[in-house]
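Keep the sequence and the coordinates at hand as you read.

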Amino acid sequence: MAQRFELTDEQWERLQPLLPHKARTGRPATDHRQIINGILWILRTGAPWRDLPERYGPWATVASRFYSWRKFGLWDRIFAQVQTQANAAGQIDWHIHY
């Protein structure tokens, strides 16, 4: 059951193609959706990583994925792509969202 403020199925369908594919080596990777919901929980609450609820997976995994994606510019690319999609759909008023 989805928790309050977690990604909806519609949001996930739009976001999933923008994320890197999971590596096929080593241990199975934690699900990207679970990780992103954990990141959203941290950003929303301002809590330390160690206080992340267990339902989002190990806090160190969530933090590691957040920082590695930031290092490689993934968040900027996601923002640019979502902004491009919204602009193409006429959902951005550039007088407000500049």
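## Helix H2 and its surroundings

The buried residues of H2 pack against helix H1 (9–15), H3 and helix H4 (74–88). The model is a predicted one.

**Exercise 1.** Determine which residues of H2 are buried, and how the span of H2 relates to the expected value.

*Solution.* Begin with the span: H2 has 14 residues and reaches 20 Å from its first C-alpha to its last, close to the 20 Å expected at 1.5 Å a residue. Next, list the buried positions, which are His 32, Arg 33, Ile 35, Ile 36, Asn 37, Gly 38, Ile 39, Trp 41 and Ile 42. Finally, look just beyond the helix, where Gly 46 adopts a positive phi of about 75°.

**Exercise 2.** Find which elements give two or more residues to the largest nonpolar core.

*Solution.* The largest nonpolar core has 11 residues in all, among them Ile 35, Ile 39, Trp 41, Ile 42 and Phe 66. Helix H2 (32–45) and helix H3 (59–71) are the elements that each supply two or more of them, and H2 gives the most, with four residues. Ile 36, by contrast, belongs to a second, separate core of eight residues, which also includes Trp 69, Leu 74 and Ile 78.

**Exercise 3.** Decide whether Arg 33 is buried or exposed, and identify what its side chain reaches.

*Solution.* Arg 33 has a relative accessible area of 19% and is therefore buried, the cut-off being under 20%. Its side chain reaches the backbone oxygen of Leu 7 at 2.9 Å. At the start of H2, moreover, a side-chain oxygen of Asp 31 comes to within 3.2 Å of the backbone nitrogen of Arg 33. Leaving aside neighbours within four places in sequence, Arg 33 is in contact with Leu 7, Thr 8, Asp 9 and Trp 12.

Methods. Residues are numbered from 1 along each chain as its sequence is written. This is a predicted model: local features need pLDDT of at least 70, side-chain atom pairs count only at pLDDT 80 or more; totals for chains, interfaces and linings use all residues. Side-chain values use heavy atoms; hydrogens and water are left out. A nonpolar core is a set of buried Ala, Val, Leu, Ile, Met, Phe, Trp, Tyr and Cys residues joined through side-chain atoms within 4.5 Å. Buried means under 20% relative accessible area, exposed over 50%, partly exposed in between (1.4 Å probe, protein chains only). The expected span of a helix is 1.5 Å times one less than its number of residues. Contact means heavy atoms within 4.5 Å. A polar contact is a pair of N or O atoms within 3.5 Å; within protein, one must be able to donate a hydrogen and the other to accept it, and residues adjacent in sequence count only if both atoms are side-chain atoms.
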